[in-house]
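Trainee: Could we go through a protein model together, one question at a time?
Mentor: Gladly, here it is.

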Amino acid sequence: MILFENQPSEINFRWLILILKFKFLLMKTLSVLILFGLFSLNLFVDVKVNEKYKAEINALLQKQVSAWNEGNLEKFMETYLKSDDLVFVGSRGPTYGWQATLDNYKKGYPDKVAMGQLNFRVLKISQIDKKTFFVIGRFELTREISNQAGHFTMVVQKNGKVWRISRDHSSAEK
């Protein structure tokens, strides 16, 4: 194969290697751009689908706030997965199971005065898979004895037609 007439074959070989490297780099770049384009398209499709789920998750959290502000811990706990698989992590470390979590809430908040008024501000909701979302938020608890505020992270899963919190980590500011 002669690329340039009257040139030594060593130069032609170098040009051939250079052209092959360029073609490889071009193909690699095009592959990355195509994958990026497909990934970006998928993100736009997911956003439209997820808005309904995000609204449902926000409604679940609002149900928690309403139950808390009524002083009803049992109703508040309806938003959690009623299972030994539930994990709540608070200032005393992890608590495993729905009943143990309810018992801890009852110890920490024995009456409506101790419970006060709760407010949530959702900072971010991210999708993990089709039925699982990760929620980051801020809580503010206004009470006569002392106010509390901090952040929480939750894993929220759809079980059938209902959303339930399966993991909750809440940390109060000091």
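Trainee: Is Y105 buried or exposed?
Mentor: A quick word first: this is a predicted model, where local features need pLDDT of at least 70, side-chain atom pairs count only at pLDDT 80 or more, and totals for chains, interfaces and linings use all residues. Residues are numbered from 1 along each chain as its sequence is written, and side-chain values use heavy atoms, leaving out hydrogens and water. Buried means under 20% relative accessible area, exposed over 50%, and partly exposed in between, with a 1.4 Å probe and protein chains only. Y105 has a relative accessible area of 10%, so Y105 is buried.

Trainee: And which class does Q99 fall into?
Mentor: Q99 sits in helix α3, residues 98-108 (helices are DSSP runs of H or I with at least four residues, strands of E with at least two, numbered from the N terminus). Its relative accessibility is 43%, so Q99 counts as partly exposed.

Trainee: How many aromatic pairs does the structure hold?
Mentor: Rings of Phe, Tyr and Trp (its six-membered ring) pair if their centres lie within 6.5 Å; planes under 30 degrees apart are stacked, over 60 edge-to-face, and the rest tilted. By that rule, the number of aromatic pairs is 11.

Trainee: What kind of pair do Y53 and F133 form?
Mentor: Y53 is in helix α1 and F133 in strand β4, 80 residues apart. Their ring centres are 6.0 Å apart and their planes are at 80°, so the pair is edge-to-face.
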